[in-house]
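Dear colleague,

Please find below the structure that I promised to hand over. My notes on what was found in it follow directly after.

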Amino acid sequence: MMHAVQARFADLLRRNAEDEAPPPLLTPSLAARLVERIDAMRLFAHGYPLLTNLTHGRAKPTDLLDFAYRHELHGLCLHVLDGEENSLSRMTADELRAFGEKADALGLDVHLEISTTLRADVDRAVDIARTVGCRNIRVYSRYEGMLSTVMTTIEADLRYLGELADAYDLNFDFEQHEELKSFEIAQLLRRIGNPRLNALFDFGNMINAGERPLPALRALAPYIRQVHLKGVRIVPEQNGCGHYGVLQGSPEDDLPDARMLFELLMLGQSEPQVIAFALEQENHYVAPAFRQSDEAEDPFIPYRDMSETHLPPGYSLDRMIADEHRWAENQVRHVRGLIGELRVLADLVLAEAGHATASAPRRLTA
């Protein structure tokens, strides 16, 4: 039976990762560590899967707290602008406190997200975070210019974020968001050296920066604190690649999601390094290539707008609003199924070796 277990584990981790190094052998020691990490894994809801609902007032931020609670998740990652006039950015101080109190009553952590590192926007996000009772903020920059100039500007921004983090007991996680390569972000974080400044690893954004998923993960690995889980179809474009959002785990998904999930779970020595795995299903999201294989040593980085998913051809607004709920729940099932399969394989190895395993905690298994 152990041969079948090892074969299934290897097949699972090789999915869309055939060109990578062979998966490790699932030894009893690795299986025990995997079980520990799965039991400690913190799954979060995310606002993006219901973005159309939020944009058109069919859902409000408090509804996302209900979604997270209903699906026994650990928290919610939410952009401060999601929901337009109903967004956190438009709430009064009393409304923000009420939002934070509801999250606390439901046992949910809230992580905020902004799509900028501009000081005025960051200052506003910090005010919102402190009012809501949030200590984690995702950022990324959207500067235009030569890469060297953009990197210098971002470094200055990050140093300011570090000052805020130290002053207000916050953490900022910089996302690799399509224009910067993972090693470039790692260089910035290494130079700054503030333990409150780290990274958010998105499952698909490295494609647009001309990287492959697993090498990008390993380049950023020392700094990854948060993760966006999603499915992506890789779309070659001229001398680069864009990506198209698809349902995670579907036949169209080109990402090695099992291998990435496994490697992310293993980050950290005595404690898990990743504090939040956010379910960011982005079905029909379109992202063009930003970096080219033949680019100059110091390439020009174009300005990019905030992420947005437009109605796909043939879709009505009502259909998109209905389907977003279905797709969000589809991702919960897929990710829990993947976690469950890893857990079963690890338990079988431990049972064969005569080790007892603890039952999985609430909010993990389906």
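Two strands are taken as paired if DSSP finds at least two bridges between them. With that criterion, this predicted model contains an open sheet of three strands in the order 9-10-12, with antiparallel pairing. Strand 9 (231-237) and strand 12 (286-287) stand at the edges and have a single partner strand each, so one side of each is left without a neighbour in the sheet.

The pairing within this sheet can be followed residue by residue. Strand 9 and strand 10 (residues 240-246) run antiparallel and are joined by seven bridges. H243 has A287 as its bridge partner in strand 12. Strand 10 is mostly covered, with five of its seven residues buried.

V235 lies in strand 9. Is V235 buried, partly exposed or exposed? Its relative accessibility is 27%, and V235 therefore counts as partly exposed, since the buried class requires a value under 20%. Leaving aside residues up to four places away in sequence, V235 touches G240, C241, G242, H243 and Y244. V235 and D294 are 59 residues apart in sequence, and their C-alpha atoms are 17 Å apart in space.

I turn next to the helix pairs. Two packed helices are described by the angle between their axes and the distance between the axes.

Helix 1 (residues 2-14) packs with helix 11 (residues 317-352) at an angle of about 150°, the axes being 10 Å apart. The two helices, helix 1 and helix 11, are therefore roughly antiparallel to each other, as angles over 145 degrees are classed in this way. Helix 1 passes helix 11 in a left-handed crossing. At this contact, M2, V5, Q6, R8, F9, L12 and L13 of helix 1 meet L338, E341, L342, L345, L348, V349 and E352 of helix 11. Classified by residue type, the contact of helix 1 with helix 11 has ten nonpolar, one polar and three charged residues.

For helix 4 (residues 61-70) and helix 5 (residues 93-105), the axes come within 10 Å and cross at roughly 5°. That crossing makes helix 4 roughly parallel to helix 5. P61, T62, L65 and D66 in helix 4 meet F99, K102 and A103 in helix 5. By class, the contact of helix 4 with helix 5 has four nonpolar, one polar and two charged residues.

Finally, which residues of helix 8 (residues 182-192) are buried? They are S182, E184, I185, A186, L188, L189 and I192. What covers these buried residues of helix 8 includes helix 7 (147-168), strand 6 (171-175), strand 7 (197-202) and helix 9 (213-220). G193 follows helix 8 and has a positive phi, near 65°.

With kind regards

Technical notes. Residues numbered from 1 in each chain as written. Predicted model: local features only at pLDDT ≥ 70, side-chain atom pairs only at ≥ 80, totals over all residues. Heavy atoms only, no water. Buried < 20%, exposed > 50% of the residue type's maximum accessible area, 1.4 Å probe, protein only. Helix = DSSP H or I, 4+ residues; strand = E, 2+ residues; numbered from the N terminus. Contact = heavy atoms within 4.5 Å. Axes fitted to C-alpha atoms, helices over the stretch in contact; angles between N-to-C directions. Parallel < 35°, antiparallel > 145°, perpendicular 65-115°, else oblique. Nonpolar A, V, L, I, M, F, W, Y, C, P; charged D, E, K, R; others polar. Left-handed = near helix turned anticlockwise from the far one by under 90°.
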